[in-house]
Amino acid sequence: MASLKDATAIVGIGQTPFAKQLPDSEKTLACKAILAALDDAGIAPSEVDAFASYTMEETDEVEVAKAIGAGDVTFFSKVGYGGGGSCATVAHLAAAIATGQASVGIAWRSRKRGSGPRPWKNTAVQLPTPAQWTRPFGLLRPADEIAMLARRHMHEYGTTRDHLFNVALACRNRANQNPAAMMYERPLTRDMYMTSRWISEPLCLFDNCLETDGALACVIVSAERARDCRQKPVYVHSTAQGLPAQHHGMVNYWNDDPLSGPAWTAARHLWKQADFGPEDVDVAQIYDAFTPLIPLSLEGYGFCGRGEGGAFTEGGALESGGRLPINTGGGGLSEAYVHGFNLINEGVKQLRGTSTAQVPDAATCLVTAGEGVPTSAVLLRAP
Amino acid sequence: MADAKTKQEPLLTPTVDDDGAPFWEHAARGELRIQSCTACGELRFPPRPCCPHCQSFDSEWRKMSGRGRIWSYVFPHPPLLPAYAAQPGYNAIVVELADAPRIRLVGNLVTAPDAPLNSIAPERLRIGAKVQVAFTTLDDGHTVPRWVLERP
Ligand SMILES: [Zn+2]
């Protein structure tokens, strides 16, 4: 069986500004991020022959390819389940390129969620099956669905609001170092957190990600081709997707064990393919649409035992210099919420040594996609 | 708080699909019934076309006692859809059924079947609290289950 281990590399990253409101359309933002990523790599748009995006992406590959002047495209793929798809876009391109189906791949996400409508408000759309069992009872938004799991985690394992604050604070502290972050120079205190308004009790305002306009993209080529690119390659070491048996999406209450989410399934495959384990990860970018996703993911990816995700956050473990620095650009909570794509690009920056919150000599980085939905993850490695 | 029932905007009603329709038909008769495999007897929720244990397509709807325990709960706050925002501090709960603890239903804890979603004091909610199903018919004719404390 062919191995995908280190067979491909991310050689270019690009992004637009992040803001509550940007004048450009999603298509324009997508093109700007993609062209920036290609320029970063030193690869001409005409060489692009593969695309991967999310099913929720409104800018289809046919439009993007035409706009940027791509060549003939021989591979394209869309991954479902919202934020669960982020790392899988990289995984699909890595697989396609490693098996010779294409040579230059673009993954991207463009979104105007800061100025656009909230999907949960659209009640005219016929929702997928689980909605009939939740929405009539006022379980309306992703925040409500995750808050339900958070309350249960608190009950079973003694996780506290202080643990969730530790997560929000680590992300905010890193954003305070990142001039591109929406929360640059906007510090967070424990008092601000504890006195902020509820969104879905037990989750408060600061437990929720930012609604953002913006786009990001990255370029993937074979490891061989990567040697000739402008930037130091960042190898795609291992990838995985995860849709556990019995899984129901965010409202996972119908699973036998609702607190064991897709991260556990993705992690098993991810580590099986890798040359190293969780203890060897220098820095992690963990999907943080809501703070409780961090303890759930820390457990799922094996950084601690079941139920220990809250306690893991104590003593500055997630901060720079801590046991596992996370979301070093600020994450979805404090840099930008672009369905997790900023976490991928931040992982690349760490392994290039160019992050605004650089972990000294970082050589390995875990990037994860949304926990609570069918998910994906990628392990990145420096040369 | 009982007169806080604002009715300008209706609550969302179930977008019923083929698999779920029997649940709502039984609810309209005041019965809590869960889909069960005719071949192997396993209960399943949400309803599905076939049994994940034995792959049989034959199912029946088994009557439940209607007793359960609160598995978890939340208090959603704005931004919310208008009908829910009109009942500030309302709760949404997950109930695990006494007859089948792995069957968990999302619902609301209320003081009486027709009372508003925020009728019960928030401090009465507790994980593990015993609850009993009750049914209410919404203004548009849909009947949905509600939950009341076994010891009010
Ligand atoms: Zn069966």
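**View 1. A:Asp361, out in the open with a positive phi.** In this predicted model, A:Asp361 counts as exposed, at 75% relative accessibility. Look for A:Asp361 in the loop that runs between α12 (341–352) and β10 of chain A. Although A:Asp361 is not a glycine, its phi is positive, at about 60°.

**View 2. A:Gln246, a non-glycine with positive phi.** Here phi is about 75°. A:Gln246 belongs to the loop between β8 and α8 of chain A. With a relative accessible area of 39%, A:Gln246 is partly exposed.

**View 3. Helix α8 of chain A and its buried face.** This helix covers residues 262–272, and its buried residues are A:Pro262, A:Ala263, A:Ala266, A:Ala267, A:Leu270 and A:Trp271. Seen down the axis of α8(A), those buried residues fall within an arc of 140°, so they line one face of the helix. Turned away from the buried side of α8(A) is the face with the exposed residues A:Arg268 and A:Lys272. The cover over the buried residues of α8(A) includes β8 (234–242), α9 (293–300), β10 (364–368) and β11 (375–381) of chain A.

**View 4. The largest cavity, lined by residues of chain A.** A search of the whole structure turns up 3 cavities of 30 Å³ or more, and the largest has a volume of about 60 Å³. Among the residues lining this cavity are A:Leu149, A:His247, A:Met250, A:Pro262, A:Leu296 and A:Glu371. By class, the lining has 6 nonpolar, 5 polar and 1 charged.

**View 5. Where chain A meets chain B.** Contact involves 35 residues of chain A and 39 residues of chain B. Between them the two chains bury about 3,400 Å², with 63% of it on carbon and sulfur atoms.

View 6. In chain B, α1 (21–28) and β6 (104–107) each put at least two residues into the lining. The lining has 8 nonpolar residues, no polar and no charged ones.

**View 7. The second largest pocket, with both chains around its centre.** Its volume is about 540 Å³. Of the 23 lining residues, A:His248, A:Trp254, B:Phe45, B:Arg48 and B:Pro52 are the closest to the centre of the pocket. The lining of this pocket divides into 11 nonpolar, 5 polar and 7 charged residues.

**View 8. A:Leu333 and the residues around it.** A:Leu333 sits in helix α11 (residues 331–334) of chain A and is buried, with a relative accessible area of 5%. A:Leu333 touches, among others, A:Val167, A:Ala168, A:Cys171, A:Phe206, A:Leu210 and A:Asp288. A:Ala168 is 165 residues from A:Leu333 in sequence, yet their C-alpha atoms are 6.8 Å apart in space.

**View 9. Two cis peptide bonds.** In chain A, the bond from A:Glu201 to A:Pro202 is cis, with omega near 20°; A:Pro202 is in the loop between β5 (198–201) and β6 (203–204). In chain B, the bond from B:Pro78 to B:Pro79 is cis, with omega near 5°. B:Pro79 has its place in the loop between β4 (67–76) and α2 (82–85) of chain B.

Methods
Residues numbered from 1 in each chain as written. Chains lettered and ligands numbered in written order. Predicted model: local features only at pLDDT ≥ 70, side-chain atom pairs only at ≥ 80, totals over all residues. Heavy atoms only, no water. Buried < 20%, exposed > 50% of the residue type's maximum accessible area, 1.4 Å probe, protein only. Helix = DSSP H or I, 4+ residues; strand = E, 2+ residues; numbered from the N terminus. Arc of directions from axis to C-beta. Contact = heavy atoms within 4.5 Å. 1 Å grid on protein atoms, 1.4 Å probe; cavity = no way out; pocket = protein on both sides within 12 Å on 5 of 7 lines; lining within 4 Å. Points joined across faces, edges and corners; volume = space filled by probe spheres on them. Nonpolar A, V, L, I, M, F, W, Y, C, P; charged D, E, K, R; others polar. Buried area = accessible area lost by both parts, 1.4 Å probe. Lists of a residue's contacts leave out its neighbours within four places in sequence.
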